[in-house]
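Here is a briefing on one protein chain. Look over the sequence and the model, then read the points below.

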Amino acid sequence: MIEVLLYYIVILTTSVILDLILGEPRGIFIRMHPVVVTGNIAFKLFRPGGKFFGIFLWFISVIPIMIVYYLVPRILIIINVVVGIVVYAYFLKLTFSIRLMRDYAKRILKSIESGDLDNARMLTQEIVRRNVWDLDTAHLISAVIESLAESFVDGLLSPLFYFALFGLPGALLQRLSNTMDSMVGYRGWPYEDVGWFSARVDTVLNYIPARLSSIIISIASGLMGLNWRRSILVAFHEHGNVRSVNSGWPMASFAGALGVMLEKVGSYRINNAAPGPDVSRLRLAIKLFDVSVIIALVITSVLLILRVLFIPLFI
């Protein structure tokens with residue numbers, strides 16, 4: 001049992017270090033990213049169709065990739081433990097990202113502070129679907145804070161939550177399911193029927209992590225001296241303002257903690273009585289993200305310990 005737990009702690013620590021040092025893969029390595037491979041399969045096989053085809057598309061795009069990226073490090077561990085653990089940690093790192101969204105937010109903050117709104121909009125457009133070119137500064141910053149909050153769940157907490165419960169297969173399942181949702185999980189023709197299954201799987205997998213994120217963000221806000229009570233209240237009462245079943249929880253928690261209104265024009269408002277965010281709130285949002293990440297890593301470690309106590313298997 002101690003050996004299994006040691007494996008997991010070493011892997012988790014190594015994966016976080018790799019993410020902070022390396023960031024996202026570049027060049028030839030990006031082609032081998034499981035998210036890219038799954039996305040390419042879904043893109044090439046996609047066609048307008050019904051729900052049954054959507055289920056087939058999900059399975060053929062997700063399951064083979066998940067199996068391959070799990071088996072490779074497990075086989076390597078048998079051959080050479082050190083090499084296998086490093087590869088396992090690197091593959092786990094590919095399921096989450098701390099540095100990516102944080103770097104975007106910092107670059108956007110720097111551009112706004114220097115008065116280069118065009119560059120800030122260009123960077124923001126790379127992380128959101130809405131048209132940012134007509135937004136004022138407050139709404140532009142709102143989009144960035146919303147993305148930070150969503151990324152905390154989709155890009156970090158959720159894959160690590162499933163890693164703690166089910167090892168690398170759990171993290172891969174969550175990440176690749178999220179990829180399928182981003183590929184085909186849209187409303188309207190030609191995606192709605194085909195993407196129905198992908199959207200539902202992503203919603204189910206993120207259900208618990210999204211709500212857990214509100215607890216984590218409120219704790220982080222308390223540690224930072226922000227309004228943790230307001231974070232909880234806004235999350236509880238206004239998460240439903242967002243159409244997504246899950247995204248509203250971290251976004252509302254951020255809005256309450258920071259004391260700002262987050263708005264996607266024409267779609268939703270969160271914490272409507274508060275002022276729009278400015279650069280000082282964006283700077284605080286990045287710090288809130290950082291503290292929330294640390295707490296999430298602690299919780300992941302605790303869940304790993306509990307899981308190994310009951311099921312002492314290295315998965």
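Is Lys 51 buried, partly exposed or exposed? Lys 51 counts as partly exposed, because its relative accessibility is 41%. The cut-offs are under 20% relative accessible area for buried, over 50% for exposed, and partly exposed in between (1.4 Å probe, protein chains only).

This is a predicted model: local features need pLDDT of at least 70, side-chain atom pairs count only at pLDDT 80 or more, and totals for chains, interfaces and linings use all residues. Residues are numbered from 1 along each chain as its sequence is written, and side-chain values use heavy atoms, without hydrogens and water.

**Overall build**
- The protein has twelve helices and two strands. Helices (H or I, at least four residues) and strands (E, at least two) are DSSP runs, numbered from the N terminus.
- Along the sequence the pattern is α-α-α-α-α-α-α-α-α-α-α-β-β-α.
- The C-alpha atoms fill a box of roughly 55 × 50 × 35 Å along the principal axes.
- Of the 315 residues, 51% are buried.

**Positive patch**
- Lys 51 lies in helix 4 (residues 51–79).
- Lys 51, Arg 187, Arg 200 and Arg 243 gather in a surface patch of positive charge.
- Patch residues have over 30% relative accessible area and no salt bridge; like charges are joined within 9 Å, and nonpolar side chains (Val, Leu, Ile, Met, Phe, Trp, Tyr) within 5 Å.

**Salt bridges**
- The count comes to seven salt bridges. Each is a side-chain nitrogen of Lys or Arg within 4 Å of a carboxyl oxygen of Asp or Glu.
- Glu 24 pairs with Lys 93, with the closest N and O atoms 3.7 Å apart. The pair links distant parts of the chain, 69 residues apart: Glu 24 is in the loop between helix 1 (2–22) and helix 2 (28–31), and Lys 93 is in helix 5 (residues 81–93).
- Glu 24 is partly exposed at 25% relative accessibility, whereas Lys 93 is buried at 1%.
- Glu 113 pairs with Arg 283, with the closest N and O atoms 2.2 Å apart. This pair spans 170 residues, from helix 6 (residues 99–113) to helix 12 (residues 279–310).
- Arg 269 pairs with Glu 263, with the closest N and O atoms 2.7 Å apart. Arg 269 is partly exposed at 43%, whereas Glu 263 is buried at 10%.
- Salt bridges with shared partners join Asp 19, Glu 24 and Lys 93 into one network.

**A buried loop residue**
- Val 132 sits in the loop between helix 7 (117–125) and helix 8 (137–184).
- Val 132 counts as buried because its relative accessibility is 0%.

Terms used
Accessible areas come from the Shrake-Rupley method with a 1.4 Å probe; for residues, only the protein chains shown count as cover. Lys and Arg count as positive and Asp and Glu as negative; His and the chain ends are not counted. The place of a charge is taken as NZ of Lys, CZ of Arg, CG of Asp or CD of Glu.
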